[in-house]
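Colleague: Could you take me through the spaces in this model, and tell me on what grounds each term is applied?

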Amino acid sequence: MTAPPDPAPPGPSATDALIVGAGPAGLALAAELGARHLNVRVLAPDPHAPFPATYGAWLDDLPGWAARSCVAQVWTDVRVYTATPPTPLLRPYALLDNAALRGALLGRAGPHLTLQAAQVTRAERHARGWTVHGTHAGQPASWNAPLVIDASGHRPALLPHPDRHPDGAALQTAYGIVATFDRPPSAPGAAVWMDYRTPHGPHRDATFLYAMHLGGDRYFVEETSLIARPAPTRQALEARLHARLRAQGTPPREILSDEWVSFPMNTAAPAPDGVLAFGAAAGLVHPISGFQVSGALRDAPAVADAIAGALRDGGDPAQAGWDVLWTPERRAARAVHLLGVQALLNLPASALPAFFGAFFALPPTRWHAFLDPRTPPGPLARTMLRLFAHAPAHVRLPLARAALGHAGTSLHALNAAARTLTA
Ligand SMILES: Cc1cc2nc3c(=O)[nH]c(=O)nc-3n(C[C@H](O)[C@H](O)[C@H](O)COP(=O)(O)OP(=O)(O)OC[C@H]3O[C@@H](n4cnc5c(N)ncnc54)[C@H](O)[C@@H]3O)c2cc1C
């Protein structure tokens, strides 16, 4: 975190921006800064490693270039099962091609990008910018630049831990496998965004199957807890996935790879700090869907423009970046989303399928907008009210109880939203 200003001036540096982290967010911003002829140094323990996770996104959420050249597969048959028959979502869903995405970002950054293996521990501000400290090849090392950007993911290396809910972080957790199957474990040719049916019997935690047919006899199947506190463990979700597959009569023939997902969903908008952050480190994971990657790709050009402008005009590039990233309107929208998170956390597990049944029965423009981080707070709040009005009684009652039980927090959130909008 930010230490008191260090009067010692840094040595000359040709680096305009240091980015901590070589995930999709760090490289997305590096690409846009490089494309604006700014010299960027990305520091990460293994900066040449492929992105490790399975990234999905709505096709229409991706910037055009990524939708055209960085998707491994697109499904037009996209379903949600909150009961049988399924609800068709009529919105193409994409699996990102991580290698193509990484290659496209590195290509866009061009010769202005340097990748360096390093573990960063802290950053200090001084009169002419920042010194970042860490280790490189097992030795202490430091780097200087006018700007440092923390893109180190869900456990930020430089930012204070984001201010989360007083009761602690609510997590999305999931366990998934890519495997071959003798019989299809989910609809062939389809992406199943949520399957809340429980052939393996009821359970204390409501989890759902997230599944994609990858072609031939290969499927990606993931047992997912959308948001919970405390969240189901890896062991619990792995056992539950296999119990589901057995109960369906579709055990895997050969498991080719597996994946564990765990990250906080109820992150509040961060306080703008001297260190600019981007991606998950900047609280940009969507609190209802858990998505972030498409948003980072969309946000990066505007943040890079703001940084380039501030560096050129002698302004504060970190503040310029924060101003673009967390506008008052987006902060207010986050407060509304966090109310939605609270409602979800308070719903009994048995009510979640009916809740999502009502959610996906909303007009598509409404649920699309609800899952879009750019939607202003007004339409978000109206969608929540409409959802409440149309939800079945056994969902509405616990929602009302949740709202009343958290009246203080709700009012605080709405007040914060109103304050930021009138500021
Ligand atoms: C398994 C999994 C699946 C997910 N699926 C999706 C999905 O389908 N769609 C979606 O939109 N989102 C998804 N998410 C949520 C989120 O978008 C991802 O976590 C995404 O990877 C975040 O991108 P990022 O670049 O901000 O951080 P990360 O991808 O976590 O990258 C962080 C980078 O910082 C580096 N780093 C960390 N600490 C230090 C340090 N001290 N010094 C130097 N470098 C450091 C890391 O090595 C890494 O290079 C998923 C998350 C997980 C965990």
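**Cavities and ligand shell**

Modeller: About 100 Å³ of space lies in the second largest cavity, a volume being the space filled by probe spheres set on grid points joined across faces, edges and corners. The model is predicted, so local features need pLDDT of at least 70 and side-chain atom pairs 80 or more, whereas totals for chains, interfaces and linings use all residues. Residues are numbered from 1 along each chain as its sequence is written, and side-chain values use heavy atoms, without hydrogens and water.

Colleague: What makes His286 a lining residue of the second largest cavity?

Modeller: A cavity is a set of points, on a 1 Å grid over the protein atoms alone, where a 1.4 Å probe fits but cannot get out, and lining residues have an atom within 4 Å of a point. His286 is listed in that lining, as are Trp326 and Pro373, and His286 is also among the residues nearest the centre of the largest cavity, whose volume is about 140 Å³.

Colleague: Why is the ligand said to lie between domain 1 and domain 2?

Modeller: Both domain 1 (2–70 + 96–163 + 267–326) and domain 2 (171–264) give residues to the shell around the ligand, so the ligand lies between them; the domain bounds come from an automatic or database assignment.

Methods. 1 Å grid on protein atoms, 1.4 Å probe; cavity = no way out; pocket = protein on both sides within 12 Å on 5 of 7 lines; lining within 4 Å.
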